[in-house]
Amino acid sequence: QVQLAESGGGLVGPGGSLRLSCAASGTVFGIGMMRWYRQVPGKQRELVAYIEADGVADYADSMAGRFSISRDNAKKTVYLQMNSLKPEDTAIYYCNADLSVTLDGRYRDYWGQGTQVTVSS
């Protein structure tokens, strides 16, 4: 069974950095777009960044210049480097990916379970 698993969350002070990772486990034939979302309790989940299979990436306006998304297709992993963190970045961060896991070549949507990021002094 294919799963996505995030890691790297934790507690960091304002201005600090964290690097999140999200790895796909199981047999994967293809990886399409990979994304990071975040959600604060009581609010809608918001897109943080995405990266296409060819490496083209984009960011939400509030994260541009502070966050960097990258991927390693051989490792079936997407990363989110977060710098200059602010208290308002506190949230649960989820990875999401379009994965082809069957021989028919169809891509399906997969989600990780999330990792908590807390920015506080």
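This passage walks through the bonds, packing and local surroundings of a predicted model. Residues are numbered from 1 along each chain as its sequence is written, and side-chain values rest on heavy atoms, with hydrogens and water left out. Since the model is predicted, local features need pLDDT of at least 70 and side-chain atom pairs count only at pLDDT 80 or more, while totals for chains, interfaces and linings use all residues.

Charged pairs come up first. The structure holds 5 salt bridges, a salt bridge being a side-chain nitrogen of Lys or Arg within 4 Å of a carboxyl oxygen of Asp or Glu. One of them joins Arg 38 to Asp 89, with the closest N and O atoms 2.9 Å apart. Arg 38 sits in strand β4 (residues 30–39) and Asp 89 in the loop between β8 (77–82) and β9 (91–100), so this pair ties together parts that are 51 residues apart in sequence. Strands here are DSSP runs of E with at least two residues, and helices are runs of H or I with at least four, numbered from the N terminus. Both Arg 38 and Asp 89 are buried, where buried means under 20% relative accessible area, exposed over 50%, and partly exposed in between (1.4 Å probe, protein chains only).

Asp 89 also meets the side chain of Arg 66 in a salt bridge, at 2.7 Å from N to O. Arg 66 lies in the loop between β6 (57–59) and β7 (67–72), and Asp 89 in the loop between β8 and β9, so here the linked parts are 23 residues apart in sequence. Asp 89 counts as buried because its relative accessibility is 1%, and Arg 66 counts as buried at 11%. Elsewhere, Asp 104 pairs with Arg 108, the closest N and O atoms being 3.7 Å apart. Asp 104 is partly exposed at 47% relative accessibility, and Arg 108 is partly exposed too, with a relative accessible area of 28%. Through shared partners, salt bridges join Arg 38, Glu 46, Arg 66 and Asp 89 into one network.

On the covalent side, the count comes to 1 disulfide, taking a disulfide as a pair of cysteine sulfur atoms within 2.5 Å. Cys 22 and Cys 95 make up the pair, with their sulfur atoms 1.8 Å apart. Cys 22 belongs to strand β3 (residues 18–25) and Cys 95 to strand β9, so to speak distant parts of the chain, 73 residues apart. Both Cys 22 and Cys 95 are buried.

The packing inside comes next. A nonpolar core is a set of buried Ala, Val, Leu, Ile, Met, Phe, Trp, Tyr and Cys residues joined through side-chain atoms within 4.5 Å. The largest such core has 30 residues, and those with the most contacts inside it are Trp 36, Leu 80, Met 82, Tyr 93 and Leu 99. Two or more residues each come from β3, β4, β5 (46–51), β7, β8, β9 and β11. The largest share, 5 residues, is down to β9.

As for rings, there is 1 aromatic pair. Rings of Phe, Tyr and Trp (its six-membered ring) pair if their centres lie within 6.5 Å; planes under 30 degrees apart count as stacked, over 60 as edge-to-face and the rest as tilted. Tyr 37 and Trp 111 have ring centres 5.0 Å apart and planes at 45°, so the pair is tilted. With Tyr 37 in strand β4 and Trp 111 in strand β10, the pair ties together parts that are 74 residues apart in sequence. Tyr 37 is buried at 18% relative accessibility, whereas Trp 111 is partly exposed at 36%. The ring of Trp 111 also has the charged end of Arg 45 over it, 4.8 Å from its centre. Likewise, the charged end of Arg 19 sits over the ring of Tyr 79, 4.0 Å from the centre. Ala 91 is in strand β9 and counts as buried at 3% relative accessibility. Leaving aside neighbours within four places in sequence, Ala 91 is in contact (heavy atoms within 4.5 Å) with Arg 38, Gln 39, Val 40, Thr 115, Gln 116 and Val 117. Gly 114 is found in the loop between β10 (108–111) and β11 (115–119) and is partly exposed at 25% relative accessibility. From Gly 114 to Arg 38 the C-alpha distance is 8.5 Å, across 76 residues of sequence.

Notes: A charge sits over a ring if NZ of Lys or CZ of Arg is within 6 Å of the ring centre and within 35 degrees of the ring normal.
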